[in-house]
Amino acid sequence: MNKCKITVLKKTFQPDLAEEYGARGLGPCPMLREGQEFLADYSCPAGFCAEAWKAVYQYVFALAHGMGQNGELFYYGDWIRKPGVAICSCNDGLRPVLFKIERTELKSDLDYTPVPYARRGSPSGSSVQGQ
């Protein structure tokens with residue numbers, strides 16, 4: 001697994017929608033800055049917005065696990081034309097933030113011990129009924 005670089009491309013704000021639906025004084029996202037960069041793999045990087053992570057982690061996961069390394073494009077090439085890249089946004093409809101996610105050649109280090117997989121019926125298998 002490789003790390004991905006997440007770059008904050010643009011912070012946007014929808015003043016017409018914010019005026020109608022937003023809390024008084026709502027403005028552009030206060031969590032991130034344009035140009036800010038993060039390295040990520042399987043977990044949310046320190047300082048990155050947890051809500052934005054929920055919206056982009058599947059692209060980080062796919063790229064970190066090799067999507068694009070052999071020239072593949074997301075969604076059959078009708079979305080992004082550059083391999084190893086995704087452009088996406090957080091899910092805040094009033095002030096969405098746009099991100100570029102790029103696969104890097106930096107290898108990830110797992111800082112946890114994976115739980116071993118056990119087949120059903122094996123001595124170390126799950127004791128949960130139906131599993």
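Hi everyone, here is a short tour of the protein above, from its overall build to a single residue.

A word on the ground rules: this is a predicted model, in which local features need pLDDT of at least 70, side-chain atom pairs count only at pLDDT 80 or more, and totals for chains, interfaces and linings use all residues. Residues are numbered from 1 along each chain as its sequence is written, and side-chain values use heavy atoms, with hydrogens and water left out.

Let's begin with the elements. The protein has two helices and four strands, where helices (H or I, at least four residues) and strands (E, at least two) are DSSP runs numbered from the N terminus. Read from the N terminus on, their order is β-α-β-α-β-β. The radius of gyration is 19 Å, well over the 14 Å that the globule rule gives for 131 residues, so the protein is more spread out than a compact globule. That radius is taken over C-alpha atoms, and the rule is 2.2 Å times the number of residues to the power 0.38.

How much of the protein is buried? Of its 131 residues, 33% are, with buried meaning under 20% relative accessible area (1.4 Å probe, protein chains only).

Now, please find isoleucine 101. This residue sits in strand 4, residues 97-107, and is buried, with a relative accessible area of 0%. Beyond its neighbours within four places in sequence, isoleucine 101 is in contact (heavy atoms within 4.5 Å) with residues including Cys4, Ile6, Tyr59, Leu63 and Val85. Take isoleucine 6: it is 95 residues from isoleucine 101 in sequence, yet 4.6 Å away in space, C-alpha to C-alpha.

Key:
Buried means under 20% relative accessible area, exposed over 50%, partly exposed in between (1.4 Å probe, protein chains only).
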